Amino acid sequence: MRHLAYLILVGALGAVGAGLVPAAAVADPPRTFYVSATGDDSHDGTSPTTAWRTLQPLDSRDLAGDTVLLEGGSAFTGPLDLDSQDSGVTVGSFGSGRARIRGQGTAAVMGYDVAAVTVRDLDLVGDAAAFTHDGGLNFYSDRPAGQRLSGITISDVAVRHFKDGVEIGGANPGSGFAHVSIADVKAIGNRDTGIITYGPAFDPGSPSYANHDVAVVRSTASRNLGNPTDKVHNSGNGIVLGSVDGGSVTRSTARANGLHCVAPEGPAGIWTYDSHDVRITYNTSTGNRTGGTADGDGFDLDQNVSDSYLEHNTSSDNDGAGYLVFAGQNTATEGNFVRWNSSERDAANNNWYGGITLAGNVHSVSVAGNTVDTTQSPSHAPALAVKSGVTGAKIGKNTLRSATGHAAVARG
């Protein structure tokens, strides 16, 4: 059940530094460029009537501080590539409806070592090759350790049929992204994950998280079903915060993810790993599945997660635990809270799990004020399962119901 899959992304994308990185030079005054299905790439692109027809003219321009607007209701072939000389750019739609960017074996929007970017009001759609290889909206940094890039804002974007819908991370310790806002995003029908952040492998002796201050709000991840050919790494996740110091997932939904994951580490609807101070609150996670025997959980605080919270969430009808706190060989999963949540009919496919499950090398976890009912769970699972290896668990006043003849609390 180790959740390690996304570390492979780092090696795949290459190697360029927190302090926050200086911004690129900005045009004075900032410009607005337009792209329209009826435009012409020989135009200057500075008005709807002199719009470009494709994204190609943007490749030769430094867009720092500028705005790029694509015609609503029209489709354009990606990728839109952004780099450090484009920091401060805003990309969105104009006119009626949202513009679409198609990823044809590529990301739809790729941001490399770029900061202060806003992407809004777009539909991003991949093809068969992008579904296998690419993140649809992909921000990546390989700056030296300790140099985070600041300011990624994503709002009102739909992304589907990519490997990952929204993918944000860094190659080196402390060199991902800070002040990341992901709001009103719909990540549907991607292969591995709807929304994910990631970073380099966690070092418990000297923790340094790639990303800082990451907020996901009012977003939906559904039918991200997983990779049926990967028998090692988890896939089919909804929303995942990895390598984050200070983050939140709020008022978001994960639904019907994970069915095609056959790996021994399974998927979950909303979870975090290798992170500190993450609050997962007021969310719904329902009907998440696994194609194997592991997980298919609603929510999860996984390996090396500390001082983090699952609060006021609603979980139901998930194959695995409604709420899982788990660590394998890791030592930094401690100081976490599972409180004021509800769970119904969870652990539907495997009664090794309970509605709430604590397992592995987990220390100092508090479970209080939760309402769990597994009486209608097909697996007859316990409401609360506390497995061997857990130390310092504080079980408070919870309302626990399980099937007749089955313990509400299972230990061992």
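Lys163, Asp164, Arg191 and Asp192 are linked in a network of salt bridges. The model is predicted. One contact within that group can be read directly. The side chains of Lys163 and Asp164 meet in a salt bridge, with 3.6 Å from N to O. Are these two residues buried or exposed? Lys163 is buried. Asp164 is buried too. The structure as a whole holds 14 salt bridges.

Now take Arg218 and Asp184. Their side chains meet in a salt bridge at 2.9 Å, N to O. This pair links distant parts of the chain, 34 residues apart. Arg218 sits in the loop between strand E15 (211–217) and strand E16 (220–222). Asp184 sits in the loop between strand E12 (177–183) and strand E13 (186–188). How accessible are the two partners? Arg218 has 45% relative accessibility, so it counts as partly exposed. Asp184 has a relative accessible area of 29%, so it is partly exposed as well.

Arg339 lies in strand E27 (residues 334–339), and Glu311 lies in strand E24 (residues 309–311), so the pair ties together parts that are 28 residues apart in sequence. Glu311 has a relative accessible area of 6%. Buried means under 20%, so Glu311 is buried.

Turn next to the strands. An open sheet of twelve strands has the order E4-E7-E9-E11-E14-E17-E20-E23-E26-E29-E32-E35. The pairing is parallel. Which strands stand at the edges? They are strand E4 (80–82) and strand E35 (409–411). Each has a single partner strand, so one side of each is left without a neighbour in the sheet. Neighbouring strands of this sheet are turned by 10° against each other on average, direction ignored.

What holds such an arrangement together? Strands of a sheet pair through backbone hydrogen bonds, either parallel or antiparallel. One pair from this sheet shows the parallel case. Strand E17 (residues 237–242) and strand E20 (residues 268–273) pair in the parallel sense. How many bridges join E17 and E20? There are four. Leu241 stands opposite Thr272 in E20.

Terms used:
Residues numbered from 1 in each chain as written. Predicted model: local features only at pLDDT ≥ 70, side-chain atom pairs only at ≥ 80, totals over all residues. Heavy atoms only, no water. Salt bridge = Lys/Arg side-chain N within 4 Å of Asp/Glu carboxyl O. Buried < 20%, exposed > 50% of the residue type's maximum accessible area, 1.4 Å probe, protein only. Helix = DSSP H or I, 4+ residues; strand = E, 2+ residues; numbered from the N terminus. Pairing = 2+ DSSP bridges. Axes fitted to C-alpha atoms, helices over the stretch in contact; angles between N-to-C directions.
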